[in-house]
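Please read these notes with the structure open beside you. They are numbered so that each point can be checked in turn.

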Amino acid sequence: MKLTLISTTGHFIATVLFGTFAWVQINDIDPAIYHEPSSLDALLWFSFYLLIAILFVVSVFRTISATILIVALTSCVVEMVITGPGLFQNLFGEENFSMTQVSMTAEDPRVELTREFFGALIAFAAVLYLLIKRRTSANQEPQKSSISAP
């Protein structure tokens, strides 16, 4: 996929953004912040964001398979389905809506689930952008004729 300078810059900004999201996941194993932190959960979120950062880097240099992008989109949707009930509870539950609670507790995981939902939503939008960009660039490339010269 051939990118303009602005698009390439945007892809590298997205790489830094999702790389930062991945790095921030390291604090998810801090017991001072999280009640009974899960190393596996932190590793999965770290990998999730790192994969999207890598997709943005790779997309600057080559076309990414639609299958890979669809698998990434599916992962985002699965994560939104898993964390959606926490967002719903945060929006419509008895407690006031909050995304800035200092720590997550087992009794009130809605804040962390809301943050995770929006993280997955941002990732979904980013991967969807890559998929749309892939399809529009494929449509703009000249078609090779299957007719050969004698």
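1. L91 counts as partly exposed because its relative accessibility is 46%; buried means under 20% relative accessible area, exposed over 50%, and partly exposed in between (1.4 Å probe, protein chains only). L91 sits in helix α3, residues 66-92. Helices here are DSSP runs (H or I, at least four residues), numbered from the N terminus.

2. This is a predicted model, in which local features need pLDDT of at least 70, side-chain atom pairs count only at pLDDT 80 or more, and totals for chains, interfaces and linings use all residues. Residues are numbered from 1 along each chain as its sequence is written, and side-chain values use heavy atoms, with hydrogens and water left out.

3. L91 also belongs to a nonpolar surface patch of about 540 Å², together with F88, F92, F97 and M99. Such a patch takes residues with over 30% relative accessible area and no salt bridge, nonpolar side chains (Val, Leu, Ile, Met, Phe, Trp, Tyr) being joined within 5 Å. Areas come from the Shrake-Rupley method with a 1.4 Å probe.

4. Q25 is placed in the loop between α1 (5-24) and α2 (39-61). Q25 counts as buried because its relative accessibility is 12%. Leaving aside residues up to four places away in sequence, Q25 touches A42, W45, F46 and Y49 (contact means heavy atoms within 4.5 Å).

5. How many salt bridges does a search of the whole structure find? The search finds one, where a salt bridge is a side-chain nitrogen of Lys or Arg within 4 Å of a carboxyl oxygen of Asp or Glu. E112 pairs with R115, and their closest N and O atoms are 3.6 Å apart. Both lie in helix α4 (residues 110-140), three residues apart, about one turn of the helix. E112 is buried at 8%, whereas R115 is partly exposed at 28%.

Note on methods. Patch = residues over 30% accessible without salt bridge, like charges linked within 9 Å, V, L, I, M, F, W, Y side chains within 5 Å. Helix = DSSP H or I, 4+ residues; strand = E, 2+ residues; numbered from the N terminus.
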